[in-house]
Amino acid sequence: MAVALPIAAIALHLGIVACFARKWDKVAAVTVLPFWFWGLLGIALAFGGWVTRRSRFAAIVGALWVVTIIVGSDETRGIMRVWKPALPETRPADENGKKILRVATINCNINQPEAADEVLRFSPDVVFLQESPPINKLQAMAKKLYGDEGSALGGWHCGIIARGKLTQKFRLHEPRLLLATLEQPDGKIFDLACVHLGSAPTRIDFWNRESWKLHYTRRIARRNNLTRVLRETGNHLGGNPLIFGGDFNASPHDAVFRLIDDDWTDAWEKVGRGWGNTFNNRLPSLRIDRLFVSEELRPTKAQVFRTRHSDHRMLVADFAIE
């Protein structure tokens with residue numbers, strides 16, 4: 001056992017690093033779990049070998065896994081920024097001479113208005129909602145946030161609330177997508193894309209062949225979803241600073257994000273502070289809710305907040321308008 005367990009930990013290390021680096025569709029069941037989960041399993045195996053005989057080899061393998069977790073986990077960035085200032089509830093008007101635009105995204109857990117209302121305390125300029133309440137609820141929320149300057153679009157699948165005039169450009173129910181332009185009261189215009197991709201399975205019964213097959217087919221479906229979303233976004237929007245976000249039902253390690261243009265910036269990845277995972281609300285282990293922006297918008301702060309009425313946490317981000 002003193003040798004077998006560290007060897008198993010090394011074999012697991014090689015296999016997991018390869019799966020996350022290559023992102024093969026056939027191993028989507030592996031990468032749906034957070035990287036650190038596999039790291040903790042590797043550390044447990046190495047520790048078992050160390051306890052048995054105080055083996056130096058086991059200690060080295062355990063240390064290798066610790067370093068790999070730190071380097072490979074998506075969560076590391078936010079933890080390393082935990083000493084930076086938190087995102088304030090009151091949106092700053094500007095930062096270093098640049099006007100700030102605040103954006104929030106939340107999945108409302110089967111159309112619950114109470115979940116949507118949780119963004120109110122942050123006074124965002126733009127709100128993306130998935131599993132959104134109906135349009136009359138969104139309009140009431142826009143009135144509460146912005147008075148006569150607010151507007152709302154969508155409902156049930158994807159919704160958008162914003163300060164200014166929203167004009168719907170395209171709407172799709174499968175995959176769920178809502179495209180719009182926003183003209184703010186000061187005349188600035190933005191392109192908005194709110195998305196909700198098909199869900200990923202939560203099964204982890206890896207001994208069952210059907211579980212692996214389900215993860216594989218759902219990965220392919222999400223890739224097809226995102227391919228169409230990006231095509232329709234390109235067809236119906238363009239020329240204005242773009243905000244693209246929502247519930248992607250895929251962790252950052254998912255291969256589907258290879259489709260995202262390198263010119264777009266993931267707000268939380270760039271400046272996110274703290275624990276950035278958004279699902280599920282009680283024990284967040286996956287960062288599936290994201291905000292991407294084009295180069296005209298520079299992320300300055302991003303943070304994830306626990307909610308009371310949703311099974312997702314809420315992502316709020318500030319952007320400087322370049």
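I started with the open sheet: six strands in the order E6-E7-E8-E9-E12-E10, with mixed pairing. Strands here are DSSP runs of at least two residues (E), helices are runs of at least four (H or I), and both are numbered from the N terminus. Two strands pair if DSSP finds at least two bridges between them. Strand E6 (165-173) and E10 sit at the edges with a single partner strand each, so one side of each has no neighbour in the sheet.

A note on what I'm looking at: this is a predicted model, where local features need pLDDT of at least 70, side-chain atom pairs count only at pLDDT 80 or more, and totals for chains, interfaces and linings use all residues. Residues are numbered from 1 along each chain as its sequence is written, and side-chain values use heavy atoms, leaving out hydrogens and water.

Next I checked E10 against strand E12 (residues 289-293): they run antiparallel and are joined by two bridges. I found threonine 265 bridged to valine 293 in E12.

Then I looked up aspartate 263, in the loop between strand E9 (242-247) and strand E10 (265-266). Is aspartate 263 buried or exposed? Its relative accessible area is 52%, so aspartate 263 is exposed (buried is under 20%, exposed over 50%, partly exposed in between, with a 1.4 Å probe and protein chains only).
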